[in-house]
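Open the model in your viewer and keep the selection panel at hand. The stops below go one selection at a time.

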Amino acid sequence: MGFARTCSVALLGVEGVVVEVQADLEAGVAAFTLVGLPDKSLSESRDRVRAAIVNSGEAWPQKKLTVGLSPASVPKGGSGFDLAVACAVLAANDRVAPRDIADLMMIGELGLDGRVRPVRGVLPAVLAAADAGYRHVVVPERTVAEASLVPGVSVLGVRSLRQLIALLNDELAPEEDEEPADGRPDPMLAGLTLPGVGHGTGLADTGTPDLAEVAGQGAARTALEVAAAGGHHIYLKGPPGAGKTMLAERLPGLLPPLTRQEAVEVTAVHSVAGILPPGRHMVEQPPYCAPHHSATMQSLVGGGNGLPRPGAVSLSHKGVLFLDEAPEFNGQALDALRQPLESGHVVIARAAGVVRLPARFLLVLAANPCPCGRYGSPGGMCDCTPSMIRRYQGRLSGPLLDRVDLRVDVEAVARSELIGGAGSAETTAVVAARVREARERAAARYGDTPWRLNSQVPGHELRTRWAVAPGALRAAERDMERGLLTARGLDRVLRVAWTVADLAGRDRPAGVDMERALELRTGVRRGMAAAVTGGKR
């Protein structure tokens with residue numbers, strides 16, 4: 001009778017649970033039993049492991065074999081347990097020393113020929129191993145760079161089961177075939193990405209579009225700068241062709257690069273979702289996600305069969321979520337965004353379990369003024385009836401819009417701005433520099449708190465700990481008394497006012513900053529002569 005154990009990781013969303021893989025050999029009829037709440041893909045590992053061991057030149061034990069995955073109450077799925085199961089079986093059969101694998105964390109899928117194939121979610125799995133105190137991890141060779149992002153963990157990359165057996169026994173490791181050298185796609189990388197990965201799935205394309213390419217739209221450009229500086233959600237409303245999509249696509253370029261901790265969080269989400277391109281081991285720029293308006297609630301907030309998987313709100317974590325033609329989205333799907341907009345995460349409960357996914361994103365909504373898009377245009381060619389216009393605009397619920405800080409009317413571009421204004425607009429680099437300086441001011445102000453952006457500070461804290469200039473709140477108080485602002489709306493106006501003040505280099509918001517914030521919130525002009533955020537508009 002033989003017994004051995006090693007460890008692997010079960011992923012629940014983007015969080016990992018350490019799983020002990022135990023193998024027990026007893027005298028009896030040869031059989032292979034896998035227990036511990038495995039799903040279909042994990043149950044099939046019995047056949048993959050058996051073939052991989054035999055094709056690696058090792059003997060398969062002709063005994064009663066039981067492999068247990070503990071804790072048994074945690075749902076387990078995927079092919080990432082193959083390597084741990086195979087090594088536990090070999091150790092129970094005395095092919096490797098059981099003590100040599102007892103403290104190893106193993107992650108990887110086995111091919112029938114014994115090669116170790118990469119799997120999705122290696123980074124969050126290694127993070128879970130490090131948090132549990134494991135310091136030695138075995139992963140597929142192609143994911144070593146991703147696993148090495150976790151500090152304090154020794155990572156061993158292997159190409160095949162034969163190599164791992166030789167390394168565990170202090171033997172000479174056999175040479176394995178290199179990747180294809182004739183330009184063909186490497187089949188070993190197929191498991192890292194899902195089909196259909198492309199623009200709008202979470203990672204921005206190489207080459208950021210420049211804000212200087214947007215003609216006119218001075219008010220919308222100012223709102224975009226305020227949104228980037230304070231992390232405020234924004235609603236762009238205007239006729240077709242005015243530049244709403246162009247503005248949204250240029251917003252990620254105004255955001256500063258991700259910090260190390262933020263990059264690890266974002267990379268973990270994209271690794272689990274299967275949209276981390278091979279060869280790109282860390283996401284360092286804010287992601288940009290733009291789902292089609294036919295997206296379901298599950299694709300937006302997360303879901304799917306079995307344990308929920310990340311949706312668009314998680315794929316845009318620390319980046320931008322752009323919903324073009326927002327009124328065309330399903331109303332229930334849009335209202336499902338209300339909770340993550342406030343909390344920065346989404347909790348999804350399913351029969352298979354409850355998963356908490358990160359969702360701290362910057363939301364950009366874009367919409368036409370009516371179904372035909374010409375309502376309010378100078379030509380007056382709108383064919384929509386008043387009831388059609390009210391019904392169309394009512395598709396965005398009040399509670400959702402109440403959580404959007406900035407609401408901007410994007411006017412049609414004039415001929416003089418389109419043709420004669422070439423080269424006069426500010427570039428992304430110039431605006432991004434002001435955004436970075438404003439964020440640094442906010443971070444210094446909130447240095448001893450858990451917040452770094454004005455949009456993250458609770459309203460009560462902002463009202464009590466950081467006072468505005470005397471009399472600055474008068475205009476906002478009048479709007480609240482008239483019913484134009486809710487209590488949440490007043491807090492959000494105050495946050496925007498702090499961002500406007502940060503962009504202008506002021507220590508605290510003055511009356512002009514509060515009026516500017518109210519204008520950006522309500523769309524009502526306050527008689528201001530110019531923007532107070534500085535710079536050319």
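Select helix α3, residues 82-92, in this predicted model. Its buried residues are Asp82, Leu83, Ala84, Val85, Ala86, Cys87, Ala88, Val89, Leu90, Ala91 and Ala92. Now step past the end of α3 to Asp94, which follows the helix. Check its phi: the value is positive, near 65°.

The crossing of α2 past α3 is right-handed.

Show side chains at this contact. From α2, pick Ser45, Arg48, Val49 and Ile53. From α3, pick Asp82, Val85, Ala86, Val89 and Leu90, which they meet. Colour the contact residues by class: 6 are nonpolar, 1 is polar and 2 are charged.

Last stop: Ala336. Look in the loop between α13 (331-335) and α14 (338-343). Is Ala336 buried or partly exposed? Its relative accessible area is 21%, so Ala336 is partly exposed; the cut-off for buried is under 20%. Leaving aside residues up to four places away in sequence, Ala336 touches Met297 and Val301. Finish with a distance from Ala336 to Asp324, C-alpha to C-alpha. The two are 12 residues apart in sequence and 17 Å apart in space.

Note on methods:
Residues numbered from 1 in each chain as written. Predicted model: local features only at pLDDT ≥ 70, side-chain atom pairs only at ≥ 80, totals over all residues. Heavy atoms only, no water. Axes fitted to C-alpha atoms, helices over the stretch in contact; angles between N-to-C directions. Helix = DSSP H or I, 4+ residues; strand = E, 2+ residues; numbered from the N terminus. Left-handed = near helix turned anticlockwise from the far one by under 90°. Contact = heavy atoms within 4.5 Å. Nonpolar A, V, L, I, M, F, W, Y, C, P; charged D, E, K, R; others polar. Buried < 20%, exposed > 50% of the residue type's maximum accessible area, 1.4 Å probe, protein only.
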